[in-house]
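Visitor: Could you walk me through this structure and tell me what stands behind each term you use?
Guide: Gladly, let us look at it together.

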Amino acid sequence: MLLSLPALHLQTSEHHPLFQLPHGRSRSLIRATTNKSIMIVSYQPGRDQSIRFPLMNMEKPHKADIISTVEFNHTGELLATGDKGGRVVVFQREQESKNQVHRRGEYNVYSTFQSHEPEFDYLKSLEIEEKINKIRWLPQQNAAYFLLSTNDKTVKLWKVSERDKRPEGYNLKDEEGRLRDPATITTLRVPVLRPMDLMVEATPRRVFANAHTYHINSISVNSDYETYMSADDLRINLWNFEITNQSFNIVDIKPANMEELTEVITAAEFHPDHCNTFVYSSSKGTIRLCDMRASALCDRHTKFFEEPEDPSNRSFFSEIISSISDVKFSHSGRYIMTRDYLTVKVWDLNMENRPIETYQVHDYLRSKLCSLYENDCIFDKFECVWNGSDSVIMTGSYNNFFRMFDRNTKRDVTLEASRENSKPRAILKPRKVCVGGKRRKDEISVDSLDFSKKILHTAWHPSENIIAVAATNNLYIFQDKVN
């Protein structure tokens, strides 16, 4: 059962494209709950590869149900989510009809399947979690859809396809599928296809395993659509989609003596147009642009992006908060966006010494770094995304807040994904955080922020103003109002 919510409206005195975005519906799976005053949209796929709705405490979701990645496909018609239980749920956008023009944009569950299972490495006495770290779609070439999903060690290529016909009239099998006695076969029959109820199947087509010693943090499909790369803490491997038993190591930063290790790889991505170019970021806050035409092993970078640190801001936490958690090429391929703990930065590929834009995500937490270090929140890895025209940036924060920055007007807005959004005629209002002791009615104190509620994973439709926000085990989809 899916919950259809009324349009959400963002009211503000400012009028520009950024503030017109979060205007639409928030849809997902709804729990079976007896509290009729709260109808929270909740992502709760079943463990048995089907959708179920257990009665559970909303405030404390099961660890396996926490969403760990969100990704639109290239057309935006499909939206895939992965969770810590190793499941992938694919949502499909409703098609526009003549009778219900305004219903286009709602996403319904299309397919759900178990992508990864927990494993145990007996040689290293290491337990391998089933958590889905990343999902990447391949461009659609035929009626089927293909996506890559990965946990810490293994990448899988999945085919998601529809079937509405089944063959009947086999010669060697009866109608129940059992083999017949050849001696009883006296006539030759021609099998025919009969209509059946539409069924969506997810089948694993390739399994790329045993190539990473450390945890995989990124996968990226190349623009040639023949290869992709997978990155872990110290190495990046290049794969061919047709070859599963070997990969080519293109980056290796592992020192001969592990005691000399000073940084690790945190994210990597291919250029959207040039199949020879990719970038990877590090825990030291640096970005390296590599060109596979220059050298087969890209340990020597082509360009090196780093912003000099201000000595006056140097502290015990400087190295931790400077670690880059996500790196993304713009759709145009001209810019790189990076996210560290406190900021989002935009880099021009032609300028390596400093970013051209820096946006403060939650600078009010700078005074809270000590407590954030103690509760391990300082190690949270936030993602960042571009809108389809590269004009607006979105990233997450705490208290289920997510931030948007308009690159043209330099305006920004803080929005909240919460159960209040599921009430009829709800208004999605901008939120403000105050640092001082005195606060206004519509503000929230920095001391009352809930750090257990965090928006780590977001996605933006490739061409429209539709966003997906993962808040723990809840999936929110906001879209522009359809007039």
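**Terms set against values**

Guide: Residues 24 or more positions apart account for 54% of the contacts in the protein with a separation of 6 or more, where contact means heavy atoms within 4.5 Å. This is a predicted model, in which local features need pLDDT of at least 70 and side-chain atom pairs count only at pLDDT 80 or more, while totals for chains, interfaces and linings use all residues. Residues are numbered from 1 along each chain as its sequence is written, and side-chain values use heavy atoms, with hydrogens and water left out.

Visitor: Why is Leu157 called buried?
Guide: Buried means under 20% relative accessible area, exposed over 50% and partly exposed in between, with a 1.4 Å probe and protein chains only. Leu157 has a relative accessible area of 6%, so it is buried. By that cut-off, 50% of the 483 residues of the protein count as buried.

Visitor: Where is Leu157 found, and which residues is it in contact with beyond its neighbours within four places in sequence?
Guide: Leu157 is found in strand 9 (residues 155-168). Strands (E, at least two residues) and helices (H or I, at least four) are DSSP runs, numbered from the N terminus; the protein has two helices and 31 strands.

Visitor: What makes strand 1 and strand 4 edge strands?
Guide: An open sheet of four strands has the order 1-2-3-4 with antiparallel pairing. Strand 1 (67-72) and strand 4 (107-114) each have a single partner strand, so one side of each is left without a neighbour in the sheet.

Visitor: How do you know that strand 3 and strand 4 pair?
Guide: Two strands pair if DSSP finds at least two bridges between them. Strand 3 (residues 87-93) and strand 4 have seven bridges, in the antiparallel sense, therefore they meet the definition of a pair. Val90 stands opposite Ser111 in strand 4.

Visitor: What lines the second largest pocket?
Guide: A pocket is an open set of points on a 1 Å grid over the protein atoms alone, where a 1.4 Å probe fits, with protein on both sides within 12 Å along at least five of seven lines; lining residues have an atom within 4 Å of a point. By that rule 37 residues line the second largest pocket, and Glu71, His74, Arg136, Glu269 and His331 lie nearest its centre. Among the elements that give two or more residues to this lining are strand 1, strand 7 (134-137) and strand 15 (265-270).
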